[in-house]
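Biologist: Hi! Could you walk me through this model? I have the sequence and the structure open.

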Amino acid sequence: MELTHKAFIKKIAPQAQQLEQKYGILSSISIAQAALESNWGKSELSKQYNNFFGVKAVAGLPSASLATKEYENNQWVTINASFRVYDSWQASMVDHAQLLVNGTTDNPQRYATVVQATDYKTAANGLVDGGYATDPAYANKIIQMIETYHLYRYDNK
C-alpha cells in the first residue's frame with residue numbers, strides 16, 4: 001500500500017520528535033530526509049530493506065547492493081553501492097540520528113552543524129557541508145520539502 005505524503009509524515013513524525021529529544025536532530029530534517037531519500041517510503045531501498053535515508057553500509061553490517069545516482073565531476077553517474085539493511089524503519093531512523101550525532105570514523109564532527117542547528121536551513125546546509133549527499137541541490141530540496149509541507153511545526157528546538 002502506498003502512503004500519501006500526509007500519511008507518511010503522520011507515520012514517522014512521532015519517531016522523529018522522540019529522536020529530536022534524545023539526539024537533538026531537528027524533526028523537520030529527519031522527516032524531510034526520510035521523505036526525499038525514500039521517495040515517501042516508495043523506494044526499493046525503503047520498502048524492502050527499511051532504509052529511509054540512503055545510509056551506506058560498512059563492513060560487517062547487513063547490506064544490499066543497489067544502483068544509485070551520484071553527482072561526480074559535474075555529472076550524474078549511476079553506480080552500485082552497498083546500503084544498510086534494517087529490521088524496521090524505526091531502526092533506520094535511530095541509526096540515521098546516531099550517524100549525524102557520532103559522525104563517521106574518519107570525522108566524528110562531520111555533521112556537528114546539523115546537530116547543533118536550531119533552524120532547518122542551517123541544518124540542511126550542514127548536511128551538504130558534511131558530505132551527506134553528492135547532489136549539489138540537496139540542501140535546497142530539503143528546505144523546499146520542509147517549507148512545502150510545513151515540517152518545521154514538528155521541531156522542538
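Biologist: Where does I79 lie?
Modeller: I79 lies in strand β2, which covers residues 75-84. Helices and strands here are DSSP runs (H or I of at least four residues for helices, E of at least two for strands), numbered from the N terminus. This is a predicted model, where local features need pLDDT of at least 70, side-chain atom pairs count only at pLDDT 80 or more, and totals for chains, interfaces and linings use all residues. Residues are numbered from 1 along each chain as its sequence is written, and side-chain values use heavy atoms, with hydrogens and water left out.

Biologist: And what does I79 touch?
Modeller: Not counting residues up to four places away in sequence, I79 touches L66, A67, T68 and E70. Touching, or contact, means heavy atoms within 4.5 Å.

Biologist: How far is I79 from S65?
Modeller: Their C-alpha atoms are separated by 9.9 Å, and the two residues are 14 residues apart along the chain.

Biologist: How exposed is I79?
Modeller: I79 is partly exposed, with a relative accessible area of 30%. Buried means under 20% relative accessible area, exposed means over 50%, and partly exposed is in between (1.4 Å probe, protein chains only).

Biologist: OK, new topic. How many helices and strands does the chain have?
Modeller: There are seven helices and two strands. Starting at the N terminus, the order is α-α-α-β-β-α-α-α-α. The radius of gyration is 15 Å, close to the 15 Å from the globule rule for 157 residues, so the chain is as compact as a globular protein of that length. That radius is taken over C-alpha atoms, and the rule is 2.2 Å times the number of residues to the power 0.38.

Biologist: What share of the residues is buried?
Modeller: Buried residues make up 46% of the 157.

Biologist: Which residues have the most contacts inside the largest nonpolar core?
Modeller: They are I12, I29, I31, L100, Y132 and L151, in a core of 41 residues. A nonpolar core is a set of buried Ala, Val, Leu, Ile, Met, Phe, Trp, Tyr and Cys residues joined through side-chain atoms within 4.5 Å.

Biologist: Which elements give two or more residues to this core?
Modeller: Those are α1 (5-23), α2 (27-38), α4 (89-102), α5 (112-116), α6 (120-129) and α7 (138-148). The largest share, seven residues, comes from α1. In soluble globular proteins, nonpolar side chains tend to be buried together.

Biologist: You mentioned L100. What is L100 in contact with?
Modeller: Leaving aside neighbours within four places in sequence, L100 contacts I25, Q33, Y111, V114, V115, L127 and Y132.

Biologist: What about V101, and where does V101 lie?
Modeller: V101 lies in helix α4 and is partly exposed, at 33% relative accessible area. With neighbours within four places set aside, V101 is in contact with Y23, I25, P108 and V115. V101 and Y49 are 52 residues apart in sequence, and 23 Å apart from C-alpha to C-alpha.

Biologist: I also clicked on W40. Is W40 buried or exposed?
Modeller: W40 counts as buried, at 7% relative accessibility. The place of W40 is in the loop between α2 and α3 (44-49). Phi of W40 is near 60°, a positive value in a residue other than glycine.

Biologist: Last one: what is the phi of H150?
Modeller: H150 has a positive phi of about 55°, although H150 is not a glycine. H150 is found in the segment after α7 and is partly exposed, with a relative accessible area of 37%.
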